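Here are my notes on the model you asked about. Have it open while you go through them.

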Amino acid sequence: MRQATVCIDSEALQYNLNRVKQLAPTAQIVSMVKANAYGHGVKDCLAALNESDAFGVACLEEALEIRKLGYSQPVTLIEGVFSEDEMQIAIEQKFECVVHQTQQVEWLIAQKDAYIAQSLKVWVKLNSGMNRLGFKADEIIEIIQTLKSEGFNCVLTMHFANADTEQHPLNEAQKNQFLAIKAACKPILASCCNSAAILKWPELNFDFVRPGIMLYGASPFADRSIADLDLKPVMSFTAEIIALNSIESGESVGYGSHFVAERPMNLAIVSIGYGDGYPRAFLKQNFVAIQGQLAPVVGRVAMDMIAIDVTGLSVNLGTEVELWGQRRWVDDVAKANGTIGYELLCRLSNRPKRKRM
Ligand SMILES: Cc1ncc(COP(=O)(O)O)c(C=O)c1O
């Protein structure tokens with residue numbers, strides 16, 4: 001049987017959750033499990049993240065899945081509801097809504113009694129410079145005042161555009177705006193930290209932190225590894241060697257024959273490809289890990305197979321190859337691919353088998 005496997009390490013997930021607790025000891029933790037827990041599989045991840053105070057998702061369907069799996073923690077819909085009908089379902093299921101536009105505020109006020117009766121908080125989103133979602137500084141105070149006067153318990157929330165970049169000038173501007181609005185709307189609950197912000201700005205943890213990528217053991221920073229951040233990789237993505245070949249100098253490998261051997265080489269063909277979600281377009285040399293050693297990928301990634309230079313390694317048919325995981329971090333594969341770990345984790349296909357450790 002084809003052995004392309006995604007294995008989820010629940011203990012690593014719990015370890016990373018504890019790292020968040022150490023870094024933000026007084027905040028409640030809203031573990032982000034959107035996009036099928038960043039591609040890790042929401043079912044297994046919820047079990048490992050059960051100690052979270054709440055969960056965060058991007059839409060009602062993802063929130064309903066959490067209830068279907070039997071979890072009763074608060075769930076925050078980080079983009080709010082997409083229609084008035086969804087608001088009713090959100091209230092019934094006790095999902096807390098972000099409001100980022102006037103229409104959502106109107107839907108909320110129209111169903112105010114039911115929302116408040118469920119003791120749900122409303123997350124009012126500030127657009128402090130990311131310019132995706134949220135109310136601008138000059139309108140949000142009035143919206144919060146209106147919601148408070150209607151009896152809602154509000155959380156002021158925002159998202160950093162550059163928390164992963166050390167010296168970006170927008171960071172200070174976003175922080176200052178958030179602090180000013182928070183002061184103007186006192187008393188109010190507050191939440192502005194994703195993983196990068198949790199790791200960098202403990203003074204901004206406030207009432208709720210919203211870790212995503214760090215829970216899964218990938219780094220939010222281009223220049224700081226998971227070892228630097230004391231995080232453990234949660235996903236191991238592996239496959240097996242299904243053929244061994246030897247080629248001479250001058251022979252090529254794979255589609256397009258772009259790779260041409262400059263010396264005699266031993267090749268291992270591994271049963272993984274872009275049909276599994278392994279990226280095809282590499283900007284730099286990529287590697288896999290075999291028996292704890294890095295070995296270069298040669299030639300183009302195909303739908304179902306890749307070729308590895310195993311010259312000098314002692315490998316057999318069936319030897320396991322780690323595409324990313326403990327030895328070869330997803331962040332490094334992402335760098336070679338010109339993308340970020342988040343994308344590689346989320347875009348795995350359904351083809352690899354899923355296992356929990
Ligand atoms: C509003 C919000 N909060 C928190 C997060 C988690 O971010 P990260 O995975 O960088 O920790 C996200 C992710 O996109 C988000 O959109």
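1. Ground rules. This is a predicted model, so local features need pLDDT of at least 70 and side-chain atom pairs count only at pLDDT 80 or more, while totals for chains, interfaces and linings use all residues. Residues are numbered from 1 along each chain as its sequence is written, and side-chain values use heavy atoms, with hydrogens and water left out.

2. Overall picture. The chain holds 13 helices and 18 strands (DSSP runs numbered from the N terminus: H or I of at least four residues for helices, E of at least two for strands). Along its principal axes the C-alpha trace spans about 80 × 45 × 35 Å. Of the 357 residues, 52% count as buried (buried is under 20% relative accessible area, exposed is over 50%, partly exposed is in between, using a 1.4 Å probe and protein chains only). Among contacts with a separation of 6 or more, 64% come from residues 24 or more positions apart (a contact is heavy atoms within 4.5 Å).

3. Helix α4. This helix covers residues 60-68, and its buried residues are Leu 60, Ala 63, Ile 66 and Arg 67. Viewed down the axis of α4, they fall within an arc of 115 degrees, so they line one face of the helix (the arc is taken from the directions from the helix axis to the C-beta atoms). The buried residues of α4 pack against α3 (42-48), β3 (54-57), β4 (75-77), α5 (84-93) and β5 (95-99). Just after α4, Gly 70 has a positive phi of about 95 degrees.

4. Ser 52. Look in the loop between α3 and β3 for Ser 52. Its relative accessibility is 5%, so Ser 52 counts as buried. Its side chain makes a polar contact of 2.7 Å with that of Ser 31 (a pair of N or O atoms within 3.5 Å; within protein, one must be able to donate a hydrogen and the other to accept it, and residues adjacent in sequence count only if both atoms are side-chain atoms). Leaving out residues up to four places away in sequence, Ser 52 touches Leu 17, Ile 29, Ser 31 and Gln 73.

5. Two domains. The chain splits into domain 1 (10-218) and domain 2 (235-356), with bounds from an automatic or database domain assignment. Their C-alpha centres lie 37 Å apart. The contact takes 10 residues from domain 1 and eight residues from domain 2. Between them the domains bury about 900 Å², 59% of it on carbon and sulfur atoms (buried area is the accessible area, 1.4 Å probe, that two parts lose on being put together, summed over both). Tyr 38, His 40 and Ile 213 supply 41% of the area that domain 1 buries against domain 2, more than any other three residues.

6. The rule finds one salt bridge between domain 1 and domain 2 (a side-chain nitrogen of Lys or Arg within 4 Å of a carboxyl oxygen of Asp or Glu). Arg 356 and Asp 44 meet in a salt bridge through their side chains (3.8 Å, N to O).

7. Helix α12. Six of the eight residues of α12 (residues 330-337) are buried, so this helix is largely enclosed by the rest of the structure. The buried residues of α12 pack against α11 (226-229), β17 (320-324) and α13 (341-346).
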